[in-house]
Amino acid sequence: MKQILLVTDGCSNVGVSPVIAAAEAHASGITVNVVGIVDQGDLVEFGTNEIEEIAKAGGGLSRLSHTRQLSQTVQMLTRKTVVQTIQHAVHHELKQVLGASSIEELPPDKRGEVVRVIDDLSETSSLSVALLIDASASMKPKLHAVEEAIRDLAISLKSRQGSSELAVFHFPGSAYGEDCKLDLDWTRDISGVNAIFPRLQMRGTTPTGPAILHVIDFYQKADYGNRKNDETDGMMSDYVV
């Protein structure tokens, strides 16, 4: 399962619509979740609507969170989306195999069995989370809360039974027109998280849409690299005697 988790406090103002970008992510098999950080009520109505629309287009969930609750919100959204993804897959299979459109239509004994399968898969399925951080100027006072949330999320992912990996990006990327920058490549080692935030330069614009497209491209390149490695391994095995 692939997720983009966007953490932002305001409205995009540069480049392609983030709603269109999120829809493209969803079409590519990537769920987009959005956490809107509110502090002293500073997230305007338009920003709130945009957050909801991004998550809806991305097939994910959105929540507004104060800085003091950010860590719990990030972990909740990540886990809830995993369960939701598995539930959708199970519902599809039930409809195909049994003609039932929901778990509730099953007999009690079968229903309990299906719920146990969903719980097991939620904990054991492979999960990749690309964390996308709004590093525009208004986020500077909230950066410490974001840092704590990422560290706690990394610990939470590490505690899962299934394979979990985390990558971290921020946007805008630089003063030279870079929309998004990779801070931490795919890893299961949470120690790299601590080195990210001292390097962050908070800037003015908010190119949310281009940043989401950047992460989609990153996912696709990683998938292509994995396929090439599999093909190479297969070719090498042909020569093993």
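The legends below describe close-up views of one predicted protein model.

**Conventions.** Local features are described in this predicted model where pLDDT is at least 70 and side-chain atom pairs count only at pLDDT 80 or more, while totals for chains, interfaces and linings use all residues. Residues are numbered from 1 along each chain as its sequence is written, and side-chain values use heavy atoms, with hydrogens and water left out.

**View 1. Overall arrangement of the secondary structure.** The protein has six helices and six strands, where helices (H or I, at least four residues) and strands (E, at least two) are DSSP runs numbered from the N terminus. From the N terminus on, these elements follow the order β-α-β-α-β-α-α-β-α-β-β-α. Of the 241 residues, 45% count as buried; buried means under 20% relative accessible area, exposed means over 50%, and partly exposed lies in between, with a 1.4 Å probe and protein chains only. Among contacts (heavy atoms within 4.5 Å) between residues at least 6 apart in sequence, 77% join residues at least 24 apart.

View 2. In helix α1, which covers residues 18-27, the residues P18, A21, A22 and A25 are buried. Seen down the helix axis, these buried residues fall within an arc of 100 degrees, so they line one face of α1; the arc is that of the directions from the helix axis to the C-beta atoms. The face turned away from this buried side carries I20 and A27, which are exposed. At the start of α1, a side-chain oxygen of S17 comes to within 3.1 Å of the backbone nitrogen of V19. Just after the helix, G29 adopts a positive phi of about 85 degrees.

View 3. T81 is buried, with a relative accessible area of 1%, whereas T85 is partly exposed, with a relative accessible area of 30%. When neighbours within four places in sequence are left aside, T81 is in contact with Q3, T31, N33 and L61, and T85 is in contact with M1 and T31. The C-alpha atoms of T85 and T31 are separated by 8.8 Å, although these residues are 54 residues apart along the chain.

View 4. The 16 residues of helix α5 (residues 143-158) should span 22 Å at 1.5 Å a residue, and the end C-alpha atoms are 23 Å apart, which agrees; the expected span is 1.5 Å times one less than the number of residues. Among the buried residues of α5 are L143, V146, E147, I150, L153 and L157. A nonpolar core is a set of buried Ala, Val, Leu, Ile, Met, Phe, Trp, Tyr and Cys residues joined through side-chain atoms within 4.5 Å. In the largest such core, of 35 residues, V146, I150 and L166 touch the most other members. The elements giving two or more residues to this core are β1 (2-8), β2 (30-38), α3, α4 (108-124), β4 (127-134), α5 and β5 (164-171), and the largest share, eight residues, comes from α5. Not counting residues up to four places away in sequence, L166 touches residues including V129, L131, I150, L153, L184, W186 and V193. Apart from this core lies another, of 24 residues, among them A21, C180, I212 and F218.

**View 5. Aromatic rings around W186.** The structure holds three aromatic pairs; rings of Phe, Tyr and Trp (its six-membered ring) pair if their centres lie within 6.5 Å, with planes under 30 degrees apart counted as stacked, over 60 as edge-to-face and the rest as tilted. The rings of W186 and F218 have centres 5.7 Å apart and planes at 40 degrees, so this pair is tilted. Because W186 lies in strand β6 (residues 181-187) and F218 in helix α6 (residues 208-237), the pair ties together parts that are 32 residues apart in sequence. The rings of W186 and Y219 have centres 5.3 Å apart and planes at 50 degrees, so this pair is also tilted. F218 counts as buried at 16% relative accessibility, and Y219 counts as buried at 3%. Ring pairs link F169, W186, F218 and Y219 into a cluster.

View 6. F171 and P172 are joined by a cis peptide bond, with omega about -5 degrees. P172 is found in the loop between β5 and β6.

Definitions and conventions
Polar contact = N/O pair within 3.5 Å; in protein donor to acceptor, adjacent residues only side chain to side chain.
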